[in-house]
Amino acid sequence: MGRPDLNRRQLLATAGGLAVAGSFGFAALGTGADALASSADTRVRYWNLFSGGDGSNMIAMLDAFRQANPGIDVKDSTLQWGNPFYTKLAMAAAGNRAPDLGVMHLGRVTGFSPGRLLDPWDVELLAEHGVREQDFNPSLWQRGVIDGKLYALPLDIHVQLCFYRKDVLKRAGLLGDDGRIVPVTSADEWFDVLKEAKKATRKGLQTIGLWVNDQNFQWWFFVAFYTQLGGSWFNADNTEVTFDTDRATQVLEFLRRHIAEGYADPGLGSVGAEQFINGAPFAWEGNWSVPVYAGAKLDYGAIPLPPVFGEQATHAESHAFVLPHRSGRGGAADDGAHRLAAYIVTHARQWAAGGHIPAYTPTLSTAAYKKLDPQSEYVSAMDHQATEPKVWFAGSTGILAQSVGPIVVSSTLGSARPDVVAGRMKGELAKLLAMKNPMDGRTAAQGGTAA
């Protein structure tokens with residue numbers, strides 16, 4: 001399943017993202033192809049999956065790299081987002097026709113047969129180009145480490161957020177003296193907030209949009225709140241399911257309550273963003289909606305998903321640079337790939353224009369980043385990431401989300417009881433744990449996922 005509402009988001013995000021990009025002194029200089037260095041003696045082929053606003057921001061970053069490194073000719077290609085991208089990348093790596101550099105969602109790396117379809121990064125070469133492990137969140141860096149080798153260099157994290165309309169919350173008395181939403185530390189407090197916000201909401205608008213019909217979003221929200229409860233998935237050896245159905249039931253009941261008490265309308269489907277723009281007080285969405293709402297010139301804020309179960313945790317994925325397998329990798333092109341990835345990662349202020357949180361932590365302490373609103377309001381999500389388990393079938397729109405996401409939706413919409421759904425989820429996890437990865441024919445227990 002692809003990213004919901006992608007075409008509309010592309011159109012809106014492009015304008016909004018470039019507006020924010022301009023505040024950093026960057027500009028999109030062209031389409032990439034017309035910015036190739038004509039006198040370069042090294043060529044780096046780079047595949048990515050960035051379109052819309054993300055694509056525009058990436059082009060600007062690539063053009064800045066070209067200007068700073070005229071001896072390297074970057075040939076960038078943008079492929080279709082989602083599974084088609086991963087299929088083509090796998091086929092290219094297996095057939096020794098892979099690009100020098102690629103991008104993947106970090107959660108998909110474990111299933112991409114590291115060591116066969118992916119080559120490890122040369123961390124000493126990365127260090128020569130300014131990228132060192134100590135400049136990254138430790139847990140984020142370790143997610144890219146398989147069998148002791150770095151296979152994924154994080155560019156960002158992209159997280160699920162609670163967007164809120166300041167104008168509506170002010171009428172409801174739900175803004176603090178700092179102009180931000182009042183703190184929420186329990187499920188009851190959260191529903192008290194929704195109750196008051198609903199009173200201040202115009203008729204015809206739901207109180208909160210949370211993609212109740214979408215398997216990916218419902219799965220992402222589940223991961224966040226299950227992590228808040230301290231829930232686990234599998235044992236350390238990936239031989240046993242440790243999924244806690246009691247904790248899962250709590251989360252499922254919480255998600256269902258939004259519809260049962262009339263705060264979310266399942267009949268509105270995927271129009272939560274439009275409702276928010278038109279005056280709905282809340283929307284739970286990915287940070288990629290920041291350019292959309294910024295472009296609409298709303299008075300709004302955004303925080304990580306509220307810690308309704310006591311602990312801070314919001315769902316996070318990551319775009320990461322990878323080295324698709326090439327026989328005899330090395331030489332000038334490989335050095336150029338390391339240099340390009342390191343440059344983009346360490347010059348990622350531009351990337352924040354799309355709402356993403358740059359992975360390179362020195363960026364987060366700069367004055368320019370701190371001035372970004374609402375990005376600086378939710379930057380704490382870097383230290384409270386709720387991620388899918390590190391197994392081959394996990395990752396963005398992967399088999400795990402496709403298998404378990406629809407089950408979560410059935411509970412949220414009320415077609416199945418939360419406790420029954422929790423049991424079904426555990427059964428699906430057991431099936432997946434026993435399944436063999438089609439990339440290499442190994443189960444999760446056989447797949448070498450130790451950091």
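Mentor: Welcome! The model is predicted, so local features need pLDDT of at least 70 and side-chain atom pairs count only at pLDDT 80 or more, while totals for chains, interfaces and linings use all residues. Residues are numbered from 1 along each chain as its sequence is written, and side-chain values use heavy atoms, with hydrogens and water left out.

Trainee: Why is the pair Arg 66 and Asp 76 said to tie parts together?

Mentor: Because Arg 66 belongs to helix α2 (residues 52-68) and Asp 76 to strand β2 (residues 72-78), the pair links parts that are 10 residues apart in sequence. Helices (H or I, at least four residues) and strands (E, at least two) are DSSP runs, numbered from the N terminus.

Trainee: Are Arg 66 and Asp 76 buried or exposed?

Mentor: Both Arg 66 and Asp 76 are buried. Buried means under 20% relative accessible area, exposed over 50%, and partly exposed in between, with a 1.4 Å probe and protein chains only.

Trainee: Why are Arg 257 and Glu 261 called partly exposed?

Mentor: Arg 257 has a relative accessible area of 27%, and Glu 261 has 36%. Those values fall in between the two cut-offs, so the label is partly exposed. The side chains of Arg 257 and Glu 261 also meet in a salt bridge, at 2.6 Å from N to O.

Trainee: What labels go to Asp 419 and Arg 417?

Mentor: Asp 419, at 39% relative accessibility, is partly exposed. Arg 417 has 53%, so the label there is exposed. Asp 419 and Arg 417 form a salt bridge too, with the closest N and O atoms 2.9 Å apart. Elsewhere, salt bridges that share partners join Asp 63, Arg 66 and Asp 76 into one network.

Trainee: Why is α9 called oblique to α16?

Mentor: Helix α9 (residues 245-260) and helix α16 (residues 418-434) pack at an angle of about 125 degrees, with their axes 8 Å apart. Under 35 degrees counts as roughly parallel, over 145 as roughly antiparallel, 65 to 115 as roughly perpendicular and the rest as oblique. An angle of about 125 degrees belongs to the rest, so α9 is oblique to α16. Axes are lines fitted to C-alpha atoms, for helices over the stretch in contact, and angles run from 0 to 180 degrees between N-to-C directions.

Trainee: Why are α15 and α16 called roughly antiparallel?

Mentor: α15 and α16 pack at about 170 degrees, with axes 9 Å apart. That angle is over 145, so α15 and α16 are roughly antiparallel to each other. By class, their contact has 10 nonpolar, 3 polar and 2 charged residues. Ala, Val, Leu, Ile, Met, Phe, Trp, Tyr, Cys and Pro count as nonpolar, Asp, Glu, Lys and Arg as charged, and the others, Gly among them, as polar.

Trainee: How do you know that Ser 411 is buried?

Mentor: Ser 411 has 0% relative accessibility, so it counts as buried. Ser 411 lies in helix α15 (residues 399-412). Leaving aside its neighbours within four places in sequence, Ser 411 is in contact (heavy atoms within 4.5 Å) with Leu 252, Arg 256, Ala 416, Pro 418 and Val 421.

Trainee: What makes Asp 147 worth a look?

Mentor: Most residues other than glycine have a negative phi, and most peptide bonds are trans. Asp 147 has a positive phi of about 50 degrees although it is not a glycine. Asp 147 is in the loop between β5 (145-146) and β6 (149-150), and its 52% relative accessibility makes Asp 147 exposed. Trp 211 also has a positive phi, near 50 degrees, but Trp 211, at 7% relative accessibility, counts as buried.

Trainee: Which residues does the cis peptide bond join?

Mentor: The cis bond joins Asp 373 and Pro 374, with omega about 15 degrees. Pro 374 sits in the loop between α14 (367-370) and β15 (385-386).

How values were computed: A salt bridge is a side-chain nitrogen of Lys or Arg within 4 Å of a carboxyl oxygen of Asp or Glu.
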